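Welcome, and thanks for taking a look at this one. Below is a short briefing to read alongside the sequence and the coordinates.

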Amino acid sequence: MVEYSLWRRGGAFLRHDPLTAGAALVLFIVALAAILAPAISPYPPNEPHIADRLAPPGSDGYVLGTDGQGRDMLSRLIWGTRTSLAIGLVPVGTGAVMGLILGCAAAYSGRFVDAMVMRVLDVFFGLPPVLLAILVAACLGPGLANMLVALTVIVVPPMGRVAYQTVTTIKELPFIEAARSSGA
């Protein structure tokens, strides 16, 4: 039996599922546009061109037209992808790391730390996620950074619970007990 690498299996999957391949290509292009925004945007995103206000799409020099202040819509769209990707990726990544740390710490530690960490996460589970995000955002105030913190707070409890359950399950497996009994 031939062992295939993860990349080879992923490539085979994408060859057999063109819809997924197309979606992956679109996501790659959007991420690339966000990274290269300073180099590929035709105009600064907030620079007004008063003479070209409300230019329709396809106008001379404006592929997607301009808004009411004369700002290029394509440039604003390209620069907006950076913010959108940050809002989508930063809370999930940060929440996953924090949830992993909290869940593993609760599972490995004694009963007191386990009970404290998991009861705090249960309190966050008791509130609906949207209400919790609004509550945190209201306490912290307006701004992108505070919004990222609010979104991170609603991601941490599920990630922490999954990490806790996984570690406690693995901790009770026979090979762990065998390693402990052999002195590891």
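Does Thr 81 count as buried or exposed? Thr 81 counts as buried, because its relative accessibility is 17% and the cut-off for buried is under 20%. Please keep in mind that this is a predicted model. With that said, here is a tour that starts with the whole chain and then visits single residues.

**Overall fold and shape**

- The chain has eight helices and zero strands, so the order of elements from the N terminus reads α-α-α-α-α-α-α-α.
- The radius of gyration is 24 Å, well over the 16 Å that the globule rule gives for 184 residues, so the chain is more spread out than a compact globule.
- Along its principal axes, the C-alpha trace spans about 80 × 55 × 25 Å.
- Of the contacts with a separation of 6 or more, 56% are between residues 24 or more positions apart.

**Surface and charge**

- Of the 184 residues in the chain, 23% are buried.
- The chain exposes about 12400 Å², and carbon and sulfur atoms supply 73% of that area.
- There are 12 positive and 11 negative side chains, and the centres of these two sets lie 8 Å apart.

**The largest nonpolar core**

- Eight residues form the largest nonpolar core: Ala 106, Ala 107, Val 117, Met 118, Leu 121, Val 156, Tyr 164 and Val 167.
- The elements that give two or more residues to this core are α4, α5 (111-126) and α7 (144-171).
- As general background, nonpolar side chains tend to be buried together in soluble globular proteins.
- Ala 107, a member of the core, is in contact with Tyr 164, Val 167, Thr 168 and Lys 171, leaving aside neighbours within four places in sequence.

- Thr 81 sits in helix α4, which covers residues 73-108.
- Not counting residues up to four places away in sequence, Thr 81 touches Val 30, Ala 33 and Ala 34.
- Ile 40 belongs to helix α3 (residues 37-40).
- Ile 40 is partly exposed, because its relative accessible area is 41% and that class lies between the 20% and 50% cut-offs.
- Leaving aside neighbours within four places in sequence, Ile 40 is in contact with Ala 33 and Ile 78.
- Ile 40 and Ile 78 are 38 residues apart along the chain, and their C-alpha atoms are separated by 8.3 Å.

**Toward the start of the chain**

- Phe 13 is found in helix α1, residues 6-16.
- With a relative accessible area of 48%, Phe 13 is partly exposed.
- Between Phe 13 and Ala 23, 10 residues apart along the chain, the C-alpha atoms are separated by 13 Å.

**A loop residue with positive phi**

- Leu 54 is placed in the loop between α3 and α4.
- The phi angle of Leu 54 is near 55 degrees, a positive value in a residue other than glycine.
- Leu 54 is exposed, with a relative accessible area of 58%.

**The end of the chain**

- Gly 183 lies in the segment after α8 (174-181).
- At 65% relative accessibility, Gly 183 counts as exposed, because the cut-off for that class is over 50%.
- Gly 183 and Leu 6 are 177 residues apart along the chain, with their C-alpha atoms separated by 35 Å.

Key
Residues are numbered from 1 along each chain as its sequence is written. This is a predicted model: local features need pLDDT of at least 70, side-chain atom pairs count only at pLDDT 80 or more; totals for chains, interfaces and linings use all residues. Side-chain values use heavy atoms; hydrogens and water are left out. Helices (H or I, at least four residues) and strands (E, at least two) are DSSP runs, numbered from the N terminus. The radius of gyration is taken over C-alpha atoms; the globule rule is 2.2 Å times the number of residues to the power 0.38. Buried means under 20% relative accessible area, exposed over 50%, partly exposed in between (1.4 Å probe, protein chains only). Contact means heavy atoms within 4.5 Å. Accessible areas come from the Shrake-Rupley method with a 1.4 Å probe; for residues, only the protein chains shown count as cover. Lys and Arg count as positive and Asp and Glu as negative; His and the chain ends are not counted. The place of a charge is taken as NZ of Lys, CZ of Arg, CG of Asp or CD of Glu. A nonpolar core is a set of buried Ala, Val, Leu, Ile, Met, Phe, Trp, Tyr and Cys residues joined through side-chain atoms within 4.5 Å.
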